[in-house]
Amino acid sequence: MSILVCGGAGYIGSHMVDKLLEENEIPIVIDNLRTGHRQAIPDKVKFYNGDIRDAVILDRIFTENDIDAVIHFAACSLVGESVEKPLLYFNNNIYGMQILLEAMVKHHIGKIVFSSSAATYGEPQRIPIKESDPTEPTNPYGESKRTMEKMMKWVNSAHGIRYISLRYFNVAGAAEDGHIGEAHTPESHLVPIILQVPLKKRAAITVYGSDYPTKDGTCIRDYVHVVDLADAHMKALNYLRQGNSSDIFNLGSGNGFSVKEMIDSAKKATGQDIKVIIGKRRAGDPARLVASSEKAERVLGWQPKYTSMEAIISTAWNWHKTHPNGFND
Ligand code: UFG
């Protein structure tokens, strides 16, 4: 049986496809290539160029293939963009989930592993954040992911589709051998933006605020390696296969690193100086976001391997230095 990976040509989805192949599973990908890359998917993987909001193509995929479960990454995922274009996020993410779940009900697909986010919590009330903490999203992106979780919950009650929702913190890094990695245009996240300086694609990195109540004044985040994340999805899939109930898990490394620490670590990994400009705070940035991943470790048996800044940044650097133009190289 196959595993349908929605959004499998994107950054995290493509690392998931890699992991599935490594585990001798049969991944099938649907991706509309809005932000994903066809080249990120090996030729041997069956690929559908399409949108999950298209019920006709989903019907075709579920009819043509013997699908055991769905792993769902297909969504818009930029916080700032979601504030400017909330309806884009509600349409692509929430309506996309509606069409996907309808197709799963119609074709009797009983399992889904879902890509959720720390953004479902909003401003944290305590650190480390636990799954049982309140969810008060502070932007439409987080709201859409929380709504998608609730949709799965009610569809589970009515139709028996079991789900695992994985709330990621700050995802970074790349496959160890550097054949795939992060490639967004424009780059939107801290690690690839820092690495654009040694790549000579930008003159300096602007640190958004150095007056936070943290050890060095810059924001603290919990960086989790994309390969560890893919491993957690695999464990979540097997957990559902074993007949367990639906659940929600945080995925972080349990370590908080500041923006300054990440830049210093990138200087070491690249062996180059990285020019820093101290800028103003970015609206909506909490000072600290650190996950408790204790539940994923205890229940799923997940153990992240890349827990140091160096391990995360050096794999990202390995990808970026060999692919300075992403998948166009
Ligand atoms: N930062 C800078 N300069 C930059 C870019 C980022 O100083 O040029 C700082 C940010 O202010 C923040 C940290 O680096 O403190 C990380 O920023 P990212 O934009 O890489 O990531 P966020 O923490 O904003 O976002 C992450 C996920 C989102 C998720 C959010 C939850 O990427 O998907 O956490 O709040 F929604």
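**Figure 1. Crossing of helices H2 and H4 in the predicted model.** Helix H2 passes helix H4 in a right-handed crossing. H2 spans residues 55-64 and H4 spans residues 86-106; their axes come within 10 Å and cross at roughly 35°. On the H2 side, the contact is formed by Ala55, Leu58, Asp59 and Phe62. These residues meet Ile99, Leu100, Ala103, Met104 and Lys106 in H4. By class, the contact of H2 with H4 comprises seven nonpolar and two charged residues, with no polar residue.

**Figure 2. Packing of helix H1 against helix H7.** Helix H1 (residues 11-22) and helix H7 (residues 226-241) pack at an angle of about 60°, and their axes are 9 Å apart. H1 is therefore oblique to H7. The crossing of these two helices is right-handed. H1 contributes Tyr11, Ile12, His15, Met16, Lys19 and Leu20 to the contact. Their counterparts in H7 are Val226, Val227, Leu229, Ala230, Asp231, His233, Met234 and Leu237. The residues of the contact of H1 with H7 divide into 10 nonpolar, two polar and two charged.

Figure 3. Two polar partners of the asparagine 250 side chain are shown. The side chain of tyrosine 121 makes a polar contact with the side chain of asparagine 250 at 2.6 Å. The backbone oxygen of isoleucine 129 lies 2.8 Å from a polar atom of the asparagine 250 side chain. Leaving aside neighbours within four places in sequence, asparagine 250 is in contact with Tyr121, Ile129, Lys130, Glu131, Arg167, Phe169, Ala291, Ser292, Ser293 and Ala296.

**Figure 4. Threonine 218 in the loop between strands E8 and E9.** The loop that holds threonine 218 runs between strand E8 (205-208) and strand E9 (220-221). With a relative accessibility of 0%, threonine 218 counts as buried. A polar atom of the threonine 218 side chain lies 3.2 Å from the backbone nitrogen of valine 259. The side chain of threonine 218 also reaches the backbone nitrogen of lysine 260, at 3.3 Å. Not counting residues up to four places away in sequence, threonine 218 touches Val207, Gly209, Ser210, Ser258, Val259 and Lys260.

**Figure 5. Threonine 147 and tryptophan 154 in helix H5.** Helix H5 spans residues 140-159 and contains tryptophan 154. Threonine 147 is likewise found in H5. Tryptophan 154 is exposed, with a relative accessible area of 55%. Threonine 147 counts as partly exposed, at 27% relative accessibility. Two C-alpha separations place these residues relative to other parts of the chain. The C-alpha atoms of tryptophan 154 and leucine 240 are separated by 17 Å, the two residues being 86 residues apart along the chain. For threonine 147 and threonine 120, which are 27 residues apart along the chain, the C-alpha atoms are separated by 9.0 Å.

Note on methods. Residues numbered from 1 in each chain as written. Predicted model: local features only at pLDDT ≥ 70, side-chain atom pairs only at ≥ 80, totals over all residues. Heavy atoms only, no water. Axes fitted to C-alpha atoms, helices over the stretch in contact; angles between N-to-C directions. Helix = DSSP H or I, 4+ residues; strand = E, 2+ residues; numbered from the N terminus. Parallel < 35°, antiparallel > 145°, perpendicular 65-115°, else oblique. Left-handed = near helix turned anticlockwise from the far one by under 90°. Contact = heavy atoms within 4.5 Å. Nonpolar A, V, L, I, M, F, W, Y, C, P; charged D, E, K, R; others polar. Buried < 20%, exposed > 50% of the residue type's maximum accessible area, 1.4 Å probe, protein only. Polar contact = N/O pair within 3.5 Å; in protein donor to acceptor, adjacent residues only side chain to side chain.
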